[in-house]
Amino acid sequence: MWSPIFNTVFLACFVLIVVQGQAYENTRCICGCPSIALLTDSTDVTLNTHNFHIANVPPNKCNCDGVIIPKLGDKIKGRENEFCPRCECKYEHRNVTIIKVVVIIVIWVISILVIYMAFLIILDPLLNKRAKGNYQEHTNEEDETAAGVGGPMSHNMSVRGNVLNRVGHQQDKWKRQVKEQRRNIYDRHTMLN
Amino acid sequence: MEKFPLKSSSIPLNAATTYQTMNKKYSNGSGLSSVTSDDSDMIDITTSTAAGDRNTTTRSQDDDDGNLQYSVGFSNMLESGDIPGIGQYDDFHTIDWQRDIARDRMRHRYIVKKKQDSIWTLLAGAHDAWSGWLCVLLVGLLTGAVAGVIDIGATWMTDLKFGICPQAFWLNKEHCCWSPSEADLDSGNCSQWKTWSEILGHSSEGAGAYIISYLFYIVWALLFAALSASLVRMFAPYACGSGIPEIKTILSGFIIRGYLGKWTLIIKCVGLILSVSAGLSLGKEGPMVHIACAIGNILSYLFPKYGRNEAKKREILSAAAAAGVSVAFGAPIGGVLFSLEEVSYYFPLKTLWRSFFCALIAAFILRSINPFGNEHSVLFFVEYNKPWIFFELIPFIALGIIGGVIATIFIKANLYWCRYRKYSKLGQYPVTEVLVVTVITAVFAYPNPYTRMNTSQLIYLLFSQCGISNSDDLCNYNRNFTDVNSIEIAAAGDGVYRAVWLLILALGFKLIMTIFTFGMKVPCGLFIPSLCLGAIVGRLVGIFVEQLAYRYQKNWIFSGECSTGDDCITPGLYAMVGAAAVLGGVTRMTVSLVVIMFELTGGVRYIVPLMAAAMASKWVGDALGRQGIYDAHIALNGYPFLDSKDEFAHTSLAADVMQPKRNETLSVITQDSMTLDDIEQLLKETEHNGYPIVVSRESQYLVGFVLRRDLNLAIANEKRMVDGICGQSLVLFTSGHTIQALGPPPLKLKRILDMAPITITDQTPMETIVDMFRKLGLRQTLVTHNGRLLGVITKKDVLRHVKQMDNEDPNSVLFN
């Protein structure tokens, strides 16, 4: 019952990835340095900001010489030896594709669960009311299997019906289990308090 | 922690039995007989002691169908294929470790013997041998992947409360501003990330924008929390809570059907993402253990060796629990130790290695997914390499004491609240409760920047050192970065004092909110909130000591290390020690906690401070309140968990504990004189989960033990298979040829009979019995007097007795 849903999810993800392409970088080098004002002892307000420098350079170039000097060379001219040791450079790596796929899967799963929940709350009682005769048959079958305590017997039973019946059967069984769990936790408070 | 509770099991099992290969002749009976056999390849392990002294009756028996049963009595999986469901357990029942281990040994024997037959069986044997490793490999792979999904999903959704990245909605704020333009860098904010007020067309500054952001924050939090609570309620109620008390109970040998199922797994993952994103005071680390165990349980069904044997399955679950902690903290060794110290009950060396492997694989997978972009599996990984001075041990131990006190306050208050929820009307409104707590959390969290941010981020901020790149208020010191090589010690600026006040508020807020949050009906963990509480306390103490050192640099205490003007006190380290102290006080972990903490910091230099704090916190915690939070919740729920850490210190005897009590009768089944009607009547009238088999009612000599479930299944099976079974049919638990002259055919049920039940005498002290239950993993033991059967003691009788002795309500043990 899940496989078609998951297929669509993956297909959708795949389409999105192909369409969107790669717009964001996967690596960066981020350097934090004290503001230049400290160094030059000037009171120039424009220089008195906290400085982050981000560049896209190979890992071995991720240091003051590779990132800061090309950018601020003229401002700190001659004082590189004082300035550079106070900079902290960090090379960071990420994978945008994985993030994208994961977030889209999460959104899909949540939406499917919400839709299914809405279905169970709104539509299912209506459908069940109509198919009451059918439902009676189900419960009988259930009792029988319950007496036989699961296992292959219930298999034999369910193989007989067509696929739809089987899905419905499984769903009923599952619903009963959840109802039991709910009773344990929310009504009787015997577990997970 | 008992390491080998089952190790000695082979001795009592083998001693009284003759233990043979499959399909061979065997001997049985009183267990003191030898075998006459013409089979050449038969392995004889006859009981040596006393066999010669006695007048041994040598019996050689042929079974009619040629498929012999063992005197151990458990029908082996392969031959019990005709009775479906044997060897399984009902919901809320205790498993019998002895029986399951014996079943596995039979299965293993069968495979070893069959190995020579053909290539195929050889391959089957090889597959059987490596299936344990394969299973934990798969568990590790999947756990790592799931943890990656949860980490990425939760960070993205947390930032959704503040704004969105319109060009790429799947990126969170940090990743959205991964490579900002030069203009953005100068202004200090990032133009790609839009807050909700910007999306609605307002500016990003000002009172209007603040109110809009505030409202959006509350609305998103409510939405996420409502979704989480209703998904849990609708699809998998078992997904709520942290799961560790239940995992502990399950690993100690208890069945909770569906607790580790597919739906629980899905809903726990999704609900966890949602409830973490809602900004509630909870973490995703504890539930990772539950998630990993659910994965372990589902995957173990791929391997019948583990899927169909509850005792063997617990080996996989122990490994999975280690993988869970491994991915939660990026601490593989800490995970293994956590599994050993905290959750597992039965932990042989084989399981230790498998846990190690499983944790390794899981950590590797998560690390290669790299969910936080920092090359580590946790957001709050910090790297420290600063020395600490000897004097600092005093504040560290003080932190341990504070941590123990905070933990005790938390445990007592949380338990009080949970008990109130259990017995009052509050428990009837689980979703409403979640919504109310969410609204309160969101309303009070937003104004304070330290509570507004994600708890993991706050922990990271508190752990980290004040470097150049750290521009938070916490690092607003009056220092000028003139000295190149080190950061000098400096007076705290206004920012630090502001931060201190905000942190004190945050501490109180987090403590109160966590008390009300833990135990709500959403997936919620406890590690992160307690780490956070401890980190706040630690940072505050750290700042205090740092300023002390700055003021009194000339004092003899500080003069050695601090006189040079270096920053000799690191408040971040105090935060770490404080975090360890509170977490240690709450969970009463020691070894695994210290290992987890030093794996988090990537250095072994701080082991002594962490150990000191963890130990102090445990002592204070134990002195103020006996139980850790998980044990307290186990007791609150009444799970049948026989803690191997507690000691039994009373002088009662088996006769005081056993069932039936005086003037009640013991329900027994005779081995060859009861009819089917009698048995069915007995099953209807009594609710015992097992019945002793005796030679006759008059003599009460014990033959064996049969489980109610097996009896039901076997009777149903015989009725189906054998024609002519009716109410008058005799039910035979003997295997000899009975002269069946008249009447309907008998039911031969010997194969479901356990011929080696553990027996004790009525004068056995309870101390011994409790030890046996713990170490052998028994489900029940039979009490004899002068060789005659007197009664039964089950695990639940023992638990009830322990409660009674501790002056607690014995009826609080549920699932009787």
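# A walk through chains A and B

Start by selecting B:Glu433, which sits in helix α16 of chain B, residues 430-445. Helices here are DSSP runs of H or I with at least four residues, strands are runs of E with at least two, and both are numbered from the N terminus. You are looking at a predicted model, where local features need pLDDT of at least 70, side-chain atom pairs count only at pLDDT 80 or more, and totals for chains, interfaces and linings use all residues. Residues are numbered from 1 along each chain as its sequence is written, chains are lettered from A and ligands numbered from 1 in the order in which they are written, and side-chain values use heavy atoms, with hydrogens and water left out.

Is B:Glu433 buried or exposed? It is buried, with a relative accessible area of 7%; buried means under 20% relative accessible area, exposed over 50%, and partly exposed in between, using a 1.4 Å probe and protein chains only. Now show what B:Glu433 touches, leaving aside neighbours within four places in sequence: B:Trp417, B:Arg421, B:Leu426, B:Phe516 and B:Met520. Contact means heavy atoms within 4.5 Å.

**Colour the domains**

Next, colour chain B by domain: domain 1 is 7-131, domain 2 is 137-369, domain 3 is 395-637 and domain 4 is 654-812. These bounds come from an automatic or database domain assignment. The centres of domain 3 and domain 4 of chain B, taken over C-alpha atoms, lie 54 Å apart.

**Into the cavities**

Rolling a probe the size of a water molecule over the atoms shows where empty space is left. Searching the whole structure turns up 13 cavities of 30 Å³ or more. A cavity is a set of points, on a 1 Å grid over the protein atoms alone, where a 1.4 Å probe fits but cannot get out, and lining residues have an atom within 4 Å of a point. Grid points are joined across faces, edges and corners, and a volume is the space filled by probe spheres set on the points.

The largest cavity holds about 150 Å³ of space. To find its centre, select B:Val276, B:Leu280, B:Leu282, B:Asn454 and B:Thr455, the closest to it of the 19 lining residues. Then show α9 (262-277), α17 (449-452) and α18 (455-463) of chain B, each of which gives at least two residues to the lining of the largest cavity. With your domain colours on, look for both domain 2 and domain 3 of chain B, since each supplies at least three residues of the lining of the largest cavity. By type, this lining has 6 nonpolar, 8 polar and 5 charged residues. Here Ala, Val, Leu, Ile, Met, Phe, Trp, Tyr, Cys and Pro count as nonpolar, Asp, Glu, Lys and Arg as charged, and the others, Gly among them, as polar.

Move on to the second largest cavity, with a volume of about 110 Å³. Its lining includes A:Leu192 and A:Asn193 as well as B:Cys240, B:Phe518 and B:His633. The elements giving two or more residues to this lining are α8 (244-251) and α25 (629-637) of chain B. The lining of the second largest cavity divides into 4 nonpolar, 7 polar and 1 charged.

**Two buried side stops**

Select B:Lys284, in the loop between α9 and α10 (285-300) of chain B. B:Lys284 is buried, at a relative accessible area of 9%. Sequence neighbours within four places aside, B:Lys284 is in contact with B:Ile150, B:Asp151, B:Ala154, B:Leu272, B:Val276 and B:Phe372.

Now hop to chain A and pick A:Gln171 in helix α8, residues 163-187. What does A:Gln171 contact, leaving aside its neighbours within four places in sequence? The partners are A:Tyr116 and A:Leu120. A:Gln171 is buried as well, with a relative accessible area of 18%.

**Finish among the strands**

Back in chain B, select strand β5, residues 690-694, where 5 of its 5 residues are buried. B:Gly690, B:Pro692 and B:Val694 point one way from β5(B), while B:Tyr691 and B:Ile693 point the other way. On to its partners: strands pair if DSSP finds at least two bridges between them. β3 (669-670) runs parallel to β5(B), joined by 2 bridges, and B:Thr670 has B:Val694 as its bridge partner. β6 (702-707) runs antiparallel to β5(B), with 5 bridges; look there for B:Ile693 opposite B:Gly704.

Last stop: an open sheet of 3 strands in chain B, ordered β4-β7-β8 with mixed pairing. Its edge strands are β4 (674-675) and β8 (747-748), each pairing on one side only.

Technical notes
1 Å grid on protein atoms, 1.4 Å probe; cavity = no way out; pocket = protein on both sides within 12 Å on 5 of 7 lines; lining within 4 Å.
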